[in-house]
Amino acid sequence: MTSQTITAAASGTWKLGDLTVNRIGFGAMRLTQHGEAFAADAVPRNRDQAISVLRRALELGVNHIDTAAFYFSSLRCANELINQALAPYPDDLVITTKVGPGRDPSGQWLPHATPEQLRGQVEENLRQLGRDHLDVVNLRIVGTDSIAERFGALAELREAGLIRHLGLSNIRPHHLAEAQTIAPVVCVQNMYGIGASPEQKEFMGICGEQGIAFVPFYSIAGTGRTAGATTDHSPEVHAIARAHGVSAAQIRLAWTLHQGPHVLAIPGTGDLDHLAQNVAVGSLRLSVEELTALDLLHHETA
């Protein structure tokens with residue numbers, strides 16, 4: 001099989017509540033522009049190209065898309081691209097969005113939403129996506145303060161039928177415990193990849209023990225974050241990539257998937273070839289020796 005024929009089914013499945021998804025998904029952050037996400041001078045991506053990538057993702061078996069209303073460039077909005085490309089939506093497609101952060105029309109970041117403002121953000125996602133409910137909504141936070149009021153506001157919207165399942169993003173373990181006293185949590189979306197700290201690894205394990213999906217962001221980008229895939233790969237990563245005949249980025253993504261059956265990947269791209277390469281990682285199997293080498297690197301750089 002070539003990278004053009006391997007589908008997301010090769011990565012295995014996990015359940016977000018009652019919704020089954022393939023472990024390789026798609027992140028929409030990079031879909032709206034070329035270069036760094038959220039950059040003021042970012043060049044908008046060609047609409048037809050973005051729509052082609054979304055439709056090809058589904059052809060390759062992707063049934064989990066991660067998005068947000070604040071994913072937009074001067075001319076493109078990720079949610080609206082998803083709506084235009086994929087509606088009417090397939091029954092098995094799960095769209096996960098996130099609320100908390102917000103940007104004004106010029107792209108400037110706003111203060112994170114108050115509990116009262118979260119309903120407006122949920123409704124904005126519903127409107128852009130053309131949905132009457134959202135499959136999964138992650139509350140994304142900054143800091144260590146209590147999330148009870150904000151998560152409670154989303155729990156009320158879940159009870160009202162606007163949201164099916166709830167998740168959390170950019171959190172600490174105590175946030176998860178606090179949220180679980182309010183409503184079920186189906187996923188945690190945190191930064192994670194080669195070089196993550198022992199504390200991050202422990203938290204990933206806690207999620208697995210509780211049957212909660214762990215969804216890393218920047219697993220390929222690493223320290224590059226919004227700028228895109230890092231080029232600062234270690235010799236070990238390059239050597240393993242050469243041995244498998246794949247890119248260093250694919251090895252970073254494969255290592256992430258090997259961390260546990262509850263770990264989901266949401267690599268993003270606006271390029272059809274990169275999309276196929278990302279999906280193909282679901283069939284890539286690293287040996288115990290290769291994983292050990294990468295884990296040692298993991299601890300040394302933590």
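I began with the contact of two helices. In helix 1, Arg47, Ala50, Ile51, Leu54, Arg55 and Leu58 meet Leu81, Ile82, Gln84, Ala85 and Leu86 of helix 2 (contact: heavy atoms within 4.5 Å). I sorted these contact residues into eight nonpolar, one polar and two charged (nonpolar is Ala, Val, Leu, Ile, Met, Phe, Trp, Tyr, Cys and Pro; charged is Asp, Glu, Lys and Arg; polar is the others, Gly among them). Helices (H or I, at least four residues) and strands (E, at least two) are DSSP runs, numbered from the N terminus.

Provenance, for the record: this is a predicted model, where local features need pLDDT of at least 70, side-chain atom pairs need 80 or more, and totals for chains, interfaces and linings use all residues. Numbering starts from 1 along each chain as its sequence is written, and side-chain values use heavy atoms, without hydrogens and water.

Next, helix 9 (residues 272-280). I found Leu275, Ala276, Asn278, Val279 and Ala280 buried there (under 20% relative accessible area, 1.4 Å probe, protein chains only). These buried residues pack against strand 3 (26-27), helix 1 and helix 8 (248-257). At the start of helix 9, I noted a side-chain oxygen of Asp271 within 2.9 Å of the backbone nitrogen of Asp273.

Last, Ile24. I located Ile24 in the loop between strand 2 (19-22) and strand 3. Why is Ile24 counted as buried? Because its relative accessibility is 0%. Leaving aside neighbours within four places in sequence, Ile24 contacts Ala8, Ser11, Val62, Leu253, Leu257, Ala265, Asn278, Val279 and Gly282.

How values were computed. Buried means under 20% relative accessible area, exposed over 50%, partly exposed in between (1.4 Å probe, protein chains only). A polar contact is a pair of N or O atoms within 3.5 Å; within protein, one must be able to donate a hydrogen and the other to accept it, and residues adjacent in sequence count only if both atoms are side-chain atoms.
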